[in-house]
Every structure is written in structure tokens, then in C-alpha cells.
Amino acid sequence: MTNEQKLQIAAYRKAGIGYKQIAKELDLSANSVKSYCRRNGLNNEALEQSLPESACENCGKSIEQKKGKKKKRFCSDKCRNQWWNSHLDQVKRKAVYEYICPICGKPFSVYGNAKRKYCSHVCYVRGRFGAVAKN
Ligand SMILES: [Zn+2]
Ligand SMILES: [Zn+2]
């Protein structure tokens, strides 16, 4: 095993790639990759022990992830807000829901609120109270 291969194994393992895949990539036997990892703290158990670090998606600062907690994407609320503000297009696209109104059968889309069921207030009133709303 060359130094180059050893470095690659470490890099692959930290990226979460399995022994077999690494062995295939580097043209080594899965067993030698496995035993190398075990000797050098790159086996699954050791990697799980060390807290993974990741970079804030807004400012690039490294974030210490807490074990067993949901992975944090931003170092602070400020960064989260900044990121969302500069990605409003994506946010909007994600928040559009397509529905068919159960009262009039008209398709409609809802921004942000997945709980809305009717296309309009008139249909909402008809759906809830079985009456036609008077405008
Ligand atoms: Zn940040
Ligand atoms: Zn309707």
C-alpha cells in the first residue's frame, strides 16, 4: 500500500465511503483496507466517536456537530437568516403546494401553508358550513 493510497483511504473514510468501495477505487483488497482502517482509527466505531465537523453553509465557519443531534447547517441564527434571505427562490419553490379544491374541483396552489384545503374563502365557507357565502 503506497502513501498515496493511505491518504486516499483516510479521505474516503471521512467522506463516509465503505471499505469495499474504497478497495475497488484503489484496486486493493477489501481486507487490507479494513485492517489498515482499524489500525489507524478509520474504522466505523472510531469515526462515529469523533464528532463530525462541517462548515456553515453561509459563512464557511466550521460548526461542531453534537452527537445524536440533527446536523446543523449554519453556525448561528444570523447565518441561517442570511442564507434563507439569499435563497428565497428555492424557499418559495419548496413552499408551493398543489391542491384540488374539494368544493369546486378547481386546481390551486398554496404558498407556505400546507393546511389550506379550499381554493377560495367562498369554497372554505361552503366546505365548513355547507352554505354559500354571501359577498
Ligand atoms: Zn456562519
Ligand atoms: Zn373552490
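Which residue just after helix 3 takes a positive phi? Gly-41 does, at about 65°. Helices here are DSSP runs of H or I with at least four residues, strands are E runs of at least two, and both are numbered from the N terminus.

Ground rules. This is a predicted model: local features need pLDDT of at least 70, side-chain atom pairs count only at pLDDT 80 or more, and totals for chains, interfaces and linings use all residues. Residues are numbered from 1 along each chain as its sequence is written, and chains are lettered from A and ligands numbered from 1 in the order in which they are written.

Now the core. The largest nonpolar core has eight residues: Ile-9, Tyr-12, Tyr-19, Ile-22, Val-33, Tyr-36, Cys-37 and Leu-42. Such a core joins buried Ala, Val, Leu, Ile, Met, Phe, Trp, Tyr and Cys residues through C-beta atoms within 7 Å. Buried means 20 or more other C-beta atoms within 10 Å of the residue's own; exposed means 12 or fewer; partly exposed is in between; C-beta atoms are placed from the backbone. Helix 1 (3-14), helix 2 (19-26) and helix 3 (30-39) each give two or more residues to this core. Helix 3 supplies the largest share, three residues. As a general point, nonpolar side chains tend to be buried together in soluble globular proteins.

Stay on helix 3. Its buried residues are Val-33, Tyr-36 and Cys-37. Down the helix axis they fall within an arc of 100°, so they line one face of helix 3. That arc is taken over directions from the axis to the C-beta atoms. On the other side, Asn-31 and Arg-39 are exposed.

What does the buried set of helix 3 pack against? Helix 1 and helix 2. Contact means C-beta atoms, placed from the backbone, within 7 Å. Take Tyr-36: setting aside residues up to four places away in sequence, Tyr-36 touches Met-1, Lys-6 and Ile-9.

Next, helix 2 with helix 3. Tyr-19, Lys-20, Ile-22 and Ala-23 in helix 2 meet Ala-30, Val-33, Lys-34 and Cys-37 in helix 3. The residues of this contact divide into six nonpolar, no polar and two charged. Nonpolar covers Ala, Val, Leu, Ile, Met, Phe, Trp, Tyr, Cys and Pro; charged covers Asp, Glu, Lys and Arg; the others, Gly among them, are polar.

Last stop, Pro-102. Pro-102 sits in the loop between strand 3 (96-100) and strand 4 (107-111). Pro-102 is exposed, with 12 other C-beta atoms within 10 Å. Beyond its neighbours within four places in sequence, Pro-102 contacts Lys-117 and Gly-127.

Notes:
Contact = placed C-beta atoms within 7 Å.
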